[in-house]
Amino acid sequence: TDLTPIKDVYQNDFLIGNAVSAADLQGSRLDLLKLHHNVVTAENAMKPGSLQAEKGVFTFDAANALVNEALANGLQMYGHVLVWHQQSPDWMNLAADGTPLSREEALTNMQTHIQTVMENFGDKVIGWDVVNEAMNDNPPNPTNWKASLRQSNWYKSIGADYVEQAFLAAKEVVKQNGWDIKLYYNDYNTDNQNKAEAIYQMVKDINDRYAANNNGDLLIDGIGMQGHYNLNTNPDNVDSSLEKFISLGVEVSVSELDIQAGSNGVQTEEEKIAQGYLYAQLFNIYKEHADNIARVTFWGLNDANSWRASASPLVFDKDLQAKPAYDAIIDPEAF
Ligand code: XIL
């Protein structure tokens, strides 16, 4: 095809990424992936449940094959995810009777997972989502970030400092190996101003205390704004959260972008245009902040393969053809 590569349009701004499974690294899907993107995230292959379903039994073969295939095709790799409350085995933080493990046991499980997984992939990845989705939705009192944390099994077993402990463990691995890779906190609904404030307070508190004892070094290098949006999303809210995060001195990435617009796999012409318009508004905002944005990653290559396929949220359709969203992203000011 003679489509302009998205990655070329943004080559002076940020990396363009997508989420992949093994099937995306073959044939016409791989061609489209390579044309428009320069970095990929494993959609599922590097999640805790994929890598250590059974305690002490690490299953790296599929993820290693995916990473090697991506790198062999000139794509960079981003690591997702070390600590999460979903797609993670119960043994990590729960006893057989379903009650939380002791702090000590859960911490050891978390640290062992982080260290073993990071050492396996090394600096083949450019960074890691160290902790995913720790914050509650729309917390009523966001200046109190600890009270705003999701009551996950990690929280229940370890306590409110599990996020900091996860980053300390990951930082230790990075330091010992001298790798140049970034450690990220990643979350969704960051356009909600209360949730953004709680995340801001958490990252500020953790980074300020670490910096004070480590010559100004940051513990959390970046914040990932997932970006699972819909046609009611207000881009002004995205912009103010982005600016709030940038003010922390961390880098920001858009880690899982998609925009729901339609239902039952059907999308009207109006919905396609409205979706394109929101993509354009978002990319105009991202361009304005390009100095502080490392990467913009879409969460899937085409609608039919999206985790939210019924709402046709992506840039390419079921036949891998470009939608109006593509034109919007290539030239957002003109769309
Ligand atoms: C989703 C995948 O896309 C699906 O294939 C899987 O069934 C569930 O997880 N937030 C995240 C991602 O951080 O890992 C999730 O990915 C989407 C929401």
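In this model, which is predicted, the ligand is surrounded by Glu 43, Asn 44, Asn 132, Tyr 188, Gln 226, Glu 256 and Trp 307.

**Helix α4**

- Helix α4 is made up of 12 residues, 61-72, and from its first C-alpha to its last it reaches 16 Å, which is close to the 16 Å expected at 1.5 Å a residue.
- The residues of α4 that are buried are Ala 63, Leu 66, Val 67 and Ala 70, and because they cover an arc of only 95° around the axis, they lie on the same side of α4.
- On the face of α4 that is turned away from its buried side, the exposed residues Asp 61 and Ala 72 are found.
- Just after α4 comes Gly 74, which takes a positive phi of about 80°.

**The largest nonpolar core**

- The largest nonpolar core has 95 residues, and of these Val 130, Ala 166 and Ala 170 touch the most other members.
- When residues up to four places away in sequence are not counted, Ala 170 touches Leu 82, Ile 114, Met 118, Trp 128, Val 130 and Leu 183.

How values were computed:
Residues numbered from 1 in each chain as written. Predicted model: local features only at pLDDT ≥ 70, side-chain atom pairs only at ≥ 80, totals over all residues. Core = buried A, V, L, I, M, F, W, Y, C linked by C-beta atoms within 7 Å. Buried ≥ 20, exposed ≤ 12 C-beta atoms within 10 Å, placed from the backbone. Contact = placed C-beta atoms within 7 Å. Near = placed C-beta within 6 Å. Helix = DSSP H or I, 4+ residues; strand = E, 2+ residues; numbered from the N terminus. Expected span 1.5 Å × (residues − 1). Arc of directions from axis to C-beta.
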